[in-house]
Amino acid sequence: MTNTSEKKRFLTIKEFCIEARIGRTTLHRYMKQGIVPYSKIGSRVLLAASLLDRLEDTATRGSV
């Protein structure tokens with residue numbers, strides 16, 4: 001993964017999917033299930049860039 005999380009505090013859905021290497025459908029499912037928290041600012045959906053680090057740690061441990 002690149003160091004996007006160090007450069008930006010929030011990512012769009014598209015940016016998050018590219019960095020996390022997951023599909024938009026998967027991300028939307030995780031958001032709906034409450035696995036991935038998000039914020040809406042107007043019509044924009046933003047995700048904390050720090051979630052990438054947390055997801056990476058979870059992936060290396062092998063649990064969701």
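Contact here means heavy atoms within 4.5 Å. F16 makes such contacts with L11, I22, L27, L47, A48, L51, L52 and L55, leaving aside residues up to four places away in sequence.

This is a predicted model, in which local features need pLDDT of at least 70, side-chain atom pairs count only at pLDDT 80 or more, and totals for chains, interfaces and linings use all residues. Residues are numbered from 1 along each chain as its sequence is written, and side-chain values use heavy atoms, with hydrogens and water left out.

**Overall fold**

The protein has four helices and three strands. Their order along the sequence is α-β-α-α-β-β-α. Helices (H or I, at least four residues) and strands (E, at least two) are DSSP runs, numbered from the N terminus. Of the 64 residues, 27% count as buried. Buried means under 20% relative accessible area, exposed over 50%, and partly exposed in between, with a 1.4 Å probe and protein chains only. The accessible surface comes to about 4800 Å², and carbon and sulfur atoms hold 50% of it. Those areas come from the Shrake-Rupley method with a 1.4 Å probe. Among contacts with a separation of 6 or more, 48% join residues 24 or more positions apart.

**Core**

A nonpolar core is a set of buried Ala, Val, Leu, Ile, Met, Phe, Trp, Tyr and Cys residues joined through side-chain atoms within 4.5 Å. The largest one has 13 residues. I13, F16, L27, M31, V36 and L47 have the most contacts inside it.

α2 gives the most, with four residues. In soluble globular proteins, nonpolar side chains tend to be buried together.

**The α2 and α3 pair**

The axes of α2 and α3 come within 10 Å and cross at roughly 105°. Axes are lines fitted to C-alpha atoms, for helices over the stretch in contact, and angles run from 0 to 180 degrees between N-to-C directions. The two helices are therefore roughly perpendicular to each other, a label that covers 65 to 115 degrees. I13, F16 and C17 of α2 meet R24, L27, H28 and M31 of α3.

R24 lies in helix α3. R24 touches I13 and C17, not counting residues up to four places away in sequence. R24 and K14 are 10 residues apart in sequence and 7.4 Å apart in space, C-alpha to C-alpha.

**The loop residue R21**

R21 sits in the loop between α2 and α3. Its phi is near 60°, a positive value in a residue other than glycine. Most residues other than glycine have a negative phi. R21 is exposed, with a relative accessible area of 71%.

How values were computed: Parallel < 35°, antiparallel > 145°, perpendicular 65-115°, else oblique.
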